[in-house]
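Welcome, and thanks for opening the viewer. Let's take a short walk through the model, one selection at a time.

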Amino acid sequence: MTPDNEVRFRACLDDVAAYKPGRPPERSDGRPTYKLSSNENPYPPLPGVLAAATEAAAQMNRYPDMGAVDLLEALSDRFGVPVSDLAVGTGSVALLYHLLQATVTEGDEVVYAWRSFEAYPIAVQLTGATSVKVPLTAEARHDFKAMEAAITDRTKVVLVCTPNNPTGPVVRRDELLAFLDAVPSNVLVVIDEAYREFVRETDVVDGVELYRDRPNVLVLRTFSKAYGLAGFRVGYAIGHPTVVAAIRKCALPFGVSYVAQAAAIASLAVEEELLERVDALVEERQRVVSALQAAGWDVPESQTNFVWLDLGDDTVRFADAVQAEGVSVRPFPGEGVRVTIGEREANDLFLRVASTWRR
């Protein structure tokens, strides 16, 4: 019991785990270090994007456009959707937080696969709602039959991360369509496509196309990964007007800075060039996966900018071994490590450890 003279907090905070950012690389011998723990794009900004951000920074004494009108119009043109179907926020994770604030509270349930994006349980718990975690299959994929069975009268939201972070596989077309057909129409399905641009598998469905005739589907995407704007935090949601309006009501005023808006608009203008970089990362991903497989690793099929190694109790020991080479990776103790596809030099250092690892 909290004494009467102490500040009191909501009970749901008692068990909330803090979000763990990617560990920065460390080394004391002066050799280069590399960060493969945060799924960042290793390429520097394109000149036009940097110029737009630099010009916008000259107006830092002014508040940004709270409505993000120019950015919403650019996204509307890019995806062929009405502005009323769009919301922007400080990364797609912020939009998820706003959405859950608008939809769930104590007594409600949110269903999602696990392991998946580590922000999910934190975001749900902060609302007072209950997470219903459905284990992934042996291939590190969503188990949609089990997820369907987990939906109850208390379920308000279902989260589908595709491709899945941190394991990598993408959800296939038929299984997602069948799942959506089975979900009650009053349950909102959030399709989290933060890594959509890295997908090369053809048997998939575009979340933006799905939402058009399904009022209970919302799509989340971001400029942080493929577009290389992780430092500016710009994400967007695409959904029907009633859902988007609820998100906007919960959003912080002036959340997306003027500089971030300018950089995102400029990125859309040079999207073709940016996606050439994504193609290069996908090619490098395949090289890394092939090397891991040649070394005897069973790697889930990644359609992202990272790979997943199932290490169980050896997870931390492996992460420390890679860290000793000057490369940080993202360990999930007791489960495995997620390794971003970064600079070739960094990937080679990681592979040096992985190729000689004895399990």
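Start by selecting Cys-250, which counts as partly exposed at 26% relative accessibility. Keep in mind as you look around that this is a predicted model. Now jump to Cys-161, which is buried, with a relative accessible area of 3%. If you were hoping to find a disulfide, the structure holds 0 of them.

Next, select helix H4, residues 119-127. How much of H4 is buried? The count is 7 of its 9 residues, so the helix is largely enclosed by the rest of the structure. To see them, highlight Ala-119, Tyr-120, Pro-121, Ile-122, Ala-123, Val-124 and Thr-127. Then bring up what these buried residues pack against: helix H3 (92-103), along with strands S3 (109-114), S4 (130-135), S5 (155-161) and S6 (188-192). Before you leave, click on Gly-128, which follows H4 and has a positive phi, near 90°.

For the last stop, show helix H2 (residues 69-79) together with helix H9 (residues 258-269). Their axes come within 9 Å and cross at roughly 20°, and the two helices are therefore roughly parallel to each other. Turn the view to follow the crossing of H2 past H9, which is left-handed. Which residues make the contact? On the H2 side, pick Asp-70, Leu-71, Ala-74, Leu-75 and Arg-78; on the H9 side, pick Gln-261, Ala-264, Ile-265 and Leu-268. Colour this contact by class and you will find 6 nonpolar, 1 polar and 2 charged residues. As for the spacing along a helix, an α-helix has 3.6 residues a turn, so residues three or four places apart point the same way.

Technical notes
Residues numbered from 1 in each chain as written. Predicted model: local features only at pLDDT ≥ 70, side-chain atom pairs only at ≥ 80, totals over all residues. Heavy atoms only, no water. Axes fitted to C-alpha atoms, helices over the stretch in contact; angles between N-to-C directions. Helix = DSSP H or I, 4+ residues; strand = E, 2+ residues; numbered from the N terminus. Parallel < 35°, antiparallel > 145°, perpendicular 65-115°, else oblique. Left-handed = near helix turned anticlockwise from the far one by under 90°. Contact = heavy atoms within 4.5 Å. Nonpolar A, V, L, I, M, F, W, Y, C, P; charged D, E, K, R; others polar. Buried < 20%, exposed > 50% of the residue type's maximum accessible area, 1.4 Å probe, protein only. Disulfide = S-S within 2.5 Å.
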